[in-house]
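Dear colleague,

I am passing on the structure we spoke about, and I would be grateful if you could look through it alongside the notes that follow.

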Amino acid sequence: MPAKHETVERDEIPPGTLYMLILKTLARSGELHGYEIASTIQAISQDVLQVEEGSLYPALQRMLIKGWVTAEWGVTRGNRRARYYRIAKLGRKQLAAEVLQFDRVIGAIQRVLQAG
């Protein structure tokens, strides 16, 4: 995390990667509520990536419908009601597919950038 006097330039989540980032965060951390998912992504990216609520919750809802995550209501440490998400078996398969696709695209972009 940067010191308080430092400003951090944040970037948008690259298009098509939000599902992958959420699934990977849940695979790594187990059960998290929405705010924890967003803050974990922000912390691990060293404040470069910021997931906005307006993107996160619709994505989580679509992932619930697709069967990639499950959710249960619970209570946070601050005694607030929150929906906790967990990656499902289908979500693990989707995560593997999305990581493969991401690696393929990144490799192709790197080859284009490095070509004379």
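Two strands are taken as paired if DSSP finds at least two bridges between them. In this predicted model, β2 and strand β3 (residues 81–87) are joined by 7 bridges and run antiparallel.

The C-alpha atoms fill a box of roughly 55 × 40 × 25 Å when taken along the principal axes. Among contacts in the protein chain with a separation of 6 or more, 56% are between residues 24 or more positions apart. Of the 116 residues, 34% count as buried, while the chain exposes about 8200 Å², of which carbon and sulfur atoms supply 52%.

Is G34 buried or exposed? Its relative accessibility is 2%, and G34 therefore counts as buried, given that the cut-off for that class is under 20%. Leaving aside neighbours within four places in sequence, G34 is in contact with L56, Y57, L60, R83 and Y85; of these partners, R83 and Y85 fall within the residue range of β3, 81–87. G34 and E53, which are 19 residues apart in sequence, are separated by 8.3 Å in space, C-alpha to C-alpha.

The residue I106, by contrast, belongs to helix α4 (residues 89–114). At 31% relative accessibility I106 counts as partly exposed, because that class covers values between the 20% limit for buried and the 50% limit for exposed. Which residues form a nonpolar patch on the surface together with I106? They are F102, V105, I109 and L113, and with I106 included the patch has about 430 Å² of accessible area.

How values were computed
Residues numbered from 1 in each chain as written. Predicted model: local features only at pLDDT ≥ 70, side-chain atom pairs only at ≥ 80, totals over all residues. Heavy atoms only, no water. Helix = DSSP H or I, 4+ residues; strand = E, 2+ residues; numbered from the N terminus. Buried < 20%, exposed > 50% of the residue type's maximum accessible area, 1.4 Å probe, protein only. Contact = heavy atoms within 4.5 Å. Patch = residues over 30% accessible without salt bridge, like charges linked within 9 Å, V, L, I, M, F, W, Y side chains within 5 Å. Areas by Shrake-Rupley, 256 points an atom, 1.4 Å probe, with all protein chains shown as cover. Salt bridge = Lys/Arg side-chain N within 4 Å of Asp/Glu carboxyl O.
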